[in-house]
Amino acid sequence: MASLDSSNSPPNPSFAIRGTATQNKFLRSISTKEPSFSHFPYTPPRLSSPSLSQSLHTSPISSPLHPLSPSKLNDLSSTYRCVSSVLKKDGQILSIAVSNSLVYTGSDANVIRIWKLPDFSECGQLKTKASTVIALKVSNDRVYAAYGDGKIRVWRKTWDGSLKHIRLATIPKSGSYVRSYIGGKDKMQMKHTGPITSLAMNASDDIIYSASLDRTVKVWRISDQKCIETIQAHSGAVNDIIVTDDGLLFTASDDATVKVWRCNFFRGNQSHSLTVTLPAKSSPVKTLTLNQEGGVLYGGCTDGYIHYWFKGWYSGQLQYGGALQGHTHAVMCLVSVSNYVVSGSADSTSRVWVREQDGHHTCLAVLVGHRGPIRCVTAFSGSLGEESEDGCTICTGSLDGVLKVWHVTCKNKSSQSSAQNVCEYFEL
C-alpha cells in the first residue's frame, strides 16, 4: 500500500508506459461541482486581469506546493514559438496521437486526419460512417480509435510503396453483441452504456482498456475483440486511464480520486485488484500522464491544479509530491516527454513545465493562441526533423477546431550569452 502523506521516500525512475484524450457531452465528463465548459470564454484570458491574479492565490488547495527559489528561476531560459496552425473545419478537435513520424487527429467529423513530420503535411485520412473520434491510441502498427457510438475501430499501418491503413476490426463485434443479447447474457459485459473517454494499450498481453462515463473500465482481448472483464472502477465518471509495463492500471475519475489497479490474469474473470486510492483534494480528475524517466504520476483537475505523486520502491507504491499551479480553469489533457510535462486547459492555454533533478518544477512557457478549451495534446523530444536534448515539439488540439504545433527549448543561462522568450501565434 502506498503512503500518501510521506514526502521523504526517494522517487524510483522505473515507470515505463505501455503503448501512453460531438458536442460538450464528450469532453471527458462535466462534473456537477464545476461550471459547464460551454460557458468558458473562447478567447485567452488577459494575463493582467485582476481576476486571474486573484485566482492564482485563492484557488482552494491544501497540498504542499514546491516553490522555486529565485536562483533556480534565474538559471533557466526558454524560447517557444508556434511553427504551424491548421484549421480544417472538422469541428472540435477531441483526440490526438503520435507514432514515429506520423500524427493522428480526431474530431467531431467522421475523419481521422494523418499528418507527416517534419513538414507537418496531411498525408492521409481514415474514414468511417461513425463520427466523433473521442480517443486515439497507436501501438506498433495498430491504430485504435474510440467513437461517439461507444465502439473502438482498429486499423493496421502498412508501407506498400506508400502509407496505407487497412481496417481490421470493430470492438465489440456487432454480431457477438446481438447473439449475446438474444442468448440472455449480460449485455453490460459487451458494450459501455456511456461514451468512451480514454483508451490504454497492453499490447504484449493482447489487451486494450477502455474507460467510460458509465464509471467502468472494460478489458478487451485484441485477438478476438471479446470483453474479458468489466471493472467497476469509480463512483463517478472515469475520465482517463493509463497502463504501465509492470502491470499497473491508473484510472482518473470525477469522484476526485486516482485509483491504482494491479493485473493478475491468473485470477480468472476478475483479474484486476485495487491497490491504492489517491485523493486529489476534492477536485474531479480529468487527465493523467506518467513520466517514464522520473517515475512521477501527474493528474490534472477541474480546479486548475496538477497534482503529482512519486513512485516508491515497490510497484504500486506512490507518495504525494505536491501540485503545479497556474491554470485558471480545468486541466483537460496532459503529456510527459523527457523531463517536460505539458498541460492543456479549458482556459485556452497550454503550459510547459520542466522537472528538475530535485523534483521541483518550473513553468517554462504559457502557449497562447487557441480561442477555445484545449482538449488534447501530444509531444516528442526535439524539433521537427531533428532530435535535441534541450527542447520538445508540442501539438495541441482545441475545441476551436484548430491544430497547432509548437517548439519549446530550455537552456541554462550560464551556458548561453542571452535568450529572449518569443511567442508567435496565428490569428484566425
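**Close-up views of strands and rings**

**Figure 1. The hairpin of strand 2 and strand 3 has two residues between its strands, and Asn 100 there takes a positive phi near 55 degrees.** This is a predicted model, so to speak of local features we ask for pLDDT of at least 70, while side-chain atom pairs count only at pLDDT 80 or more, and totals for chains, interfaces and linings use all residues. Residues are numbered from 1 along each chain as its sequence is written, and side-chain values use heavy atoms, with hydrogens and water left out. Strands here are DSSP runs of E with at least two residues, numbered from the N terminus (helices are runs of H or I with at least four). Two strands pair if DSSP finds at least two bridges between them. Strand 2 (residues 93-99) runs antiparallel to strand 3, with six bridges in the pairing. Two bridges to look for: Ile 96 partners Thr 105 of strand 3, and Ser 95 partners Gly 106 of strand 3.

**Figure 2. Strand 3 (residues 102-107) is mostly covered, with six of its six residues buried.** Buried means under 20% relative accessible area, exposed means over 50%, and partly exposed is in between (1.4 Å probe, protein chains only). In a regular strand, side chains alternate between the two faces of the sheet. What covers the count here is both faces: Leu 102, Tyr 104 and Gly 106 are buried on one side, and Val 103, Thr 105 and Ser 107 are buried on the other. Strand 2 is largely enclosed by the rest of the structure too, because six of its seven residues are buried.

**Figure 3. Strand 3 and strand 4 form a hairpin with three residues between them.** Strand 4 covers residues 111-116 and pairs with strand 3 in the antiparallel sense over four bridges. Thr 105 stands opposite Arg 113 of strand 4.

**Figure 4. Tyr 298, Tyr 308 and Phe 310 are linked into a cluster by ring pairs.** Rings of Phe, Tyr and Trp (its six-membered ring) pair if their centres lie within 6.5 Å; planes under 30 degrees apart count as stacked, over 60 as edge-to-face, and the rest as tilted. By this rule there are four aromatic pairs. One of them joins Tyr 308 and Phe 310: the ring centres are 5.7 Å apart and the planes sit at 85 degrees, so this pair is edge-to-face. Both Tyr 308 and Phe 310 are buried.

**Figure 5. Trp 309 and Tyr 320 make an edge-to-face aromatic pair, 5.9 Å centre to centre with 65 degrees between the planes.** Trp 309 belongs to strand 20 (residues 306-311) and Tyr 320 to strand 21 (residues 318-324), so the pair ties together parts that are eleven residues apart in sequence. Both Trp 309 and Tyr 320 are buried.

**Figure 6. The charged end of Lys 281 sits over the ring of Tyr 320, 5.1 Å from its centre.** A charge sits over a ring if NZ of Lys or CZ of Arg is within 6 Å of the ring centre and within 35 degrees of the ring normal. Arg 153 lies over the face of Tyr 147, at 4.8 Å from the ring centre.

**Figure 7. Four strands form an open antiparallel sheet in the order 22-23-24-25.** Strand 22 (331-337) and strand 25 (361-368) are the edge strands, each pairing on one side only. Strand 24 (residues 349-355) pairs with strand 25 in the antiparallel sense over seven bridges, and Val 354 stands opposite Thr 362 in strand 25.
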